[in-house]
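Okay, thanks for coming, everyone.

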Amino acid sequence: LKVALEKGALPNMYYLDLRQNSFGDEGAKLVAHMALSGLLGGLQTLRCDSCQIRDAGVKALFMAINGKSIKFLMPKLELFSCKNNHPSPELMRRMDASGIPPHFMI
């Protein structure tokens with residue numbers, strides 16, 4: 001997927017469903033990197049539910065999807081779902097305190 005996106009092979013992709021893939025923190029960091037690199041610019045929906053993601057991966061995704069630049073890098077994003085993963089209660093409290101955007105479901 002990363003190679004195809006880097007080659008510009010999927011410019012019109014608007015829905016990416018990665019649910020129930022056990023890619024964990026490393027995969028989540030890769031998705032965050034792709035978002036910050038502008039490779040997911042056409043997405044309206046990104047689903048990373050039930051992917052065995054823990055604190056490091058959830059934090060990377062949150063930072064990428066919640067950053068100010070996301071409005072330019074993923075302007076069409078309406079829903080990002082990261083439910084049924086394994087962030088710690090402490091990370092959830094910090095994310096809540098910093099303001100989880102309405103399109104971010106965790």
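**Salt bridges and a buried aspartate**

Let's start with arginine 47, which is buried at 15% relative accessible area; buried here is under 20%, exposed is over 50%, and partly exposed is in between, with a 1.4 Å probe and protein chains only. Before I go on: this is a predicted model, where local features need pLDDT of at least 70 and side-chain atom pairs count only at pLDDT 80 or more, while totals for chains, interfaces and linings use all residues. Numbering runs from 1 along each chain as its sequence is written, and side-chain values use heavy atoms, with hydrogens and water left out.

So who does arginine 47 pair with? Its side chain meets that of aspartate 49 in a salt bridge, 2.9 Å from N to O (a side-chain nitrogen of Lys or Arg within 4 Å of a carboxyl oxygen of Asp or Glu). Aspartate 49 is buried too, at 4%.

Aspartate 49 also has a polar contact with serine 81, side chain to side chain, at 2.5 Å. By polar contact I mean N or O atoms within 3.5 Å, where within protein one must be able to donate a hydrogen and the other to accept it, and sequence-adjacent residues count only if both atoms are side-chain atoms. The backbone nitrogen of lysine 83 sits 2.8 Å from a polar atom of the aspartate 49 side chain.

The structure has four salt bridges. Another one joins arginine 19 and aspartate 17 at 2.6 Å, N to O. Arginine 19 is partly exposed at 36%, and aspartate 17 is partly exposed at 31%.
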